[in-house]
Amino acid sequence: MQIPAADGSAPRYYHLHLQEDLLEGWNLVREWGHQGAGGRVIKDHYPDHDQAMEALVRLRDEQLRRGYRIVFAQGQEQP
């Protein structure tokens with residue numbers, strides 16, 4: 001997700017993705033900052049895919065309310 005540049009500043013980004021760990025859990029990785037600069041990264045662990053997906057959707061919706069726009073999305077349904 002991205003907030004377009006304003007007043008000559010770099011665009012802000014907010015990146016969310018799910019990553020399966022080796023212990024059958026899931027990590028929700030959040031990264032945000034200004035494009036072209038170092039950002040912050042936080043990883044939250046969830047015991048199953050459903051809980052991780054619920055957290056991802058909640059955070060996505062929160063950022064959309066803050067003015068971010070989705071510029072790229074990719075996903076794969078779980079069997």
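How many bridges pair β3 and β4, and in which sense? The answer is 7 bridges, in the antiparallel sense. Two strands pair here if DSSP finds at least two bridges between them. Strands (E, at least two residues) and helices (H or I, at least four) are DSSP runs, numbered from the N terminus.

Some housekeeping. This is a predicted model, in which local features need pLDDT of at least 70, side-chain atom pairs count only at pLDDT 80 or more, and totals for chains, interfaces and linings use all residues. Residues are numbered from 1 along each chain as its sequence is written, and side-chain values use heavy atoms, with hydrogens and water left out.

On confidence: pLDDT is the predictor's confidence in each residue, from 0 to 100. The protein chain has a mean pLDDT of 88, with 91% of its residues at 70 or more. Confidence is lowest in β1, at a mean of 86, and highest in β4, at 96.

Now the sheet. It is open and has 4 strands in the order β1-β2-β3-β4, with antiparallel pairing. The edges are β1 (2-3) and β4 (40-46); each has a single partner strand, so one side of each is left without a neighbour in the sheet. Helix α1 (residues 49-65) packs on the sheet and touches β2 (12-20), β3 and β4. The direction of α1 makes about 175 degrees with that of β2; axes are lines fitted to C-alpha atoms, for helices over the stretch in contact, and angles run from 0 to 180 degrees between N-to-C directions.

Going through the pairs, β1 and β2 are joined by 2 bridges, and I3 stands opposite R12 in β2. Between β2 and β3 there are 9 bridges, and here R12 has H34 in β3 as its bridge partner. β2 and β3 form a hairpin with 5 residues between them. In that turn, E24 has a positive phi of about 65 degrees, although E24 is not a glycine. Most residues other than glycine have a negative phi. At 68% relative accessibility E24 counts as exposed; the cut-offs are over 50% relative accessible area for exposed, under 20% for buried, and partly exposed in between (1.4 Å probe, protein chains only).

Next, two residues in β3. R30 lies in this strand, which covers residues 26-34, and counts as buried at 15% relative accessibility. The side chains of R30 and D44 are joined by a polar contact of 3.0 Å. A polar contact is a pair of N or O atoms within 3.5 Å; within protein, one must be able to donate a hydrogen and the other to accept it, and residues adjacent in sequence count only if both atoms are side-chain atoms.

W32 is also in β3, and is buried at 17%. The bridge partner of W32 in β4 is R40. W32 and Y13 are 19 residues apart in sequence but 5.4 Å apart in space, C-alpha to C-alpha.

Last, the core. The largest nonpolar core has 12 residues, including W32, Y14, L28 and L59. Such a core is a set of buried Ala, Val, Leu, Ile, Met, Phe, Trp, Tyr and Cys residues joined through side-chain atoms within 4.5 Å. β2, β3 and α1 each give two or more residues to this core, and α1 gives the most, with 4. A52, one of the core residues, touches L18, W26 and Y46, not counting residues up to four places away in sequence; contact means heavy atoms within 4.5 Å.
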